[in-house]
Amino acid sequence: MFRNRILTKIRAMGRGRRGNNYWGYFSSLGSHKPVASARARAKLGRSWPAAYPFEPADGEEKAMPVVVSFVGQKGGVGKSTLARAFAAVATRGKLKVKLADLDVNQQTAVRWARTRAARGSAYPVEAEAFNTIGDVLASVHGFDLIIVDTPGHASPATLDIARSSQVVILPTGASTDDLYPTVLLLYELEQMGIPKERLAVALCRLLELREEHAARKYVETAGYEALLGSIPERAGYRSAHNLGQSITETNEQSLNRRARTLMESLLEKVMNQLKASKTFQKQQGDGSIA
Ligand SMILES: Nc1ncnc2c1ncn2[C@@H]1O[C@H](COP(=O)(O)OP(=O)(O)O)[C@@H](O)[C@H]1O
Ligand SMILES: [Mg+2]
């Protein structure tokens, strides 16, 4: 089963040589450290693999894709940015990825994927616009990972999306104006029955490191998780998008490293959720994985 295989691969990564052991490296950074130290970042740059080492074995069953969604109350906070980055990272990792664009008016992800393909990317991302999460789920056969990008406002559809996702990421800026509605949405999702372990904030478009400290504290004080790392506001990220590249694929290594830190944190979250659902199923006496 695909999700079992992902977990097996994580364990294997944990046993890797120190230079290649980037998962272990991240866990050693600790959940409260805002960004990796300069030394850690230097190491990360060296240890970042060309491809995530969890490509499916031939003939393995892949019937149940993992769903990761990016939701929020506002436009322009980084939903499509992170969805595109995660799609690029996982595609490079040889997962079969579908980037599902539910923002049918803007179709940022679809247009970006088109540019990416037109520019001859070695890692084209398959993106498609859908009206509802139901439509997405009806057409995901054969995919490993479904990444759901959503419009810039929460609606009843947001709850449906969250219910269908193993992990729900809320990108947010660092001002109280951004953080307050983000935490409110987290609270609403939790009230509607989404386990809070599935939810996490991603801090985006920061201008200073101290913004990250304060924003992280705000989120954690409210009782929620902020992914390790943050995305600074940089023109280089916009330029990358214009060329069909992701924020992990800019021309500036320092920007790529920042983005990769957050992607690693997100991957770890996804893995942890898969592990948790496996344990839950075992406790229920059911061998299958939710
Ligand atoms: N960290 C950043 N630095 C610079 N530009 C950014 C950054 N994050 C996003 N952008 C740009 O801002 C715009 C809105 O971002 P996007 O991720 O599409 O927001 P959302 O999907 O939440 O509405 C895009 O043009 C994107 O390229
Ligand atoms: Mg968007």
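## Contacts along the chain

Let's start with who touches whom: among contacts in the protein chain with a separation of 6 or more, 76% come from residues 24 or more positions apart. Keep in mind that you're looking at a predicted model. The protein chain has 290 residues, and 44% of them are buried. Its elements come to eleven helices and six strands.

A85 and E249 are 164 residues apart along the chain, yet their C-alpha atoms are separated by 8.5 Å. Leaving out residues up to four places away in sequence, A85 touches S246, I247, T248, A259 and M263. Is A85 buried or exposed? A85 is buried, because 26 other C-beta atoms lie within 10 Å and the cut-off for buried is 20 or more.

Six of them make an open sheet, with parallel pairing and the order 3-2-4-1-5-6. Which strands sit at the edges? Those are strand 3 (126–129) and strand 6 (199–203), each pairing on one side only. On average, and ignoring direction, neighbouring strands of this sheet are turned by 25° against each other.

You can follow the pairing strand by strand. Strand 1 (residues 66–70) runs parallel to strand 5 (residues 167–172), and three bridges join the two. One spot to look up is F70, whose bridge partner in strand 5 is I169. Strand 5 is also joined to strand 6, this time by five bridges, and these two run parallel as well. Here P171 has A202 of strand 6 as its bridge partner.

## Strand 6, an edge that is buried

Strand 6 is an edge strand, pairing on one side only. How many of its five residues are buried? Five of the five are, so strand 6 is largely enclosed by the rest of the structure. L199, V201 and L203 point one way from the strand, while A200 and A202 point the other way, and all are buried.

Which residues of helix 5 are buried? They are A109, V110, W112, A113 and R116. These residues cover an arc of only 165° around the axis, which means they lie on the same side of helix 5.

T158, I161 and A162 are buried in helix 7. Looking down the axis, you'd find these buried residues within an arc of 100°, so they line one face of the helix. Strand 1, helix 6 (133–137), strand 4, strand 5 and helix 8 (176–191) are among the elements covering them.

First, the general rule: most residues other than glycine have a negative phi. Where does K94 sit? K94 is in the loop between helix 4 and strand 2, and its phi is positive, about 70°, although K94 is not a glycine. K94 has 15 other C-beta atoms within 10 Å, so it counts as partly exposed.

R205 also has a positive phi without being a glycine, with a value near 60°. You'll find R205 in the loop between strand 6 and helix 9 (209–221). R205 counts as buried because it has 21 C-beta neighbours inside 10 Å.

## Around the ligand

Finally, have a look at ligand 1. How many residues surround ligand 1? There are 17, and the closest are G75, K79, S80, T81 and Y237. The elements giving two or more residues to this shell are helix 4 (79–92) and helix 10 (235–242). Sorted by class, the shell around ligand 1 holds four nonpolar, eight polar and five charged residues.

Methods: Residues numbered from 1 in each chain as written. Chains lettered and ligands numbered in written order. Predicted model: local features only at pLDDT ≥ 70, side-chain atom pairs only at ≥ 80, totals over all residues. Near = placed C-beta within 6 Å. Helix = DSSP H or I, 4+ residues; strand = E, 2+ residues; numbered from the N terminus. Nonpolar A, V, L, I, M, F, W, Y, C, P; charged D, E, K, R; others polar. Pairing = 2+ DSSP bridges. Axes fitted to C-alpha atoms, helices over the stretch in contact; angles between N-to-C directions. Buried ≥ 20, exposed ≤ 12 C-beta atoms within 10 Å, placed from the backbone. Arc of directions from axis to C-beta. Contact = placed C-beta atoms within 7 Å.
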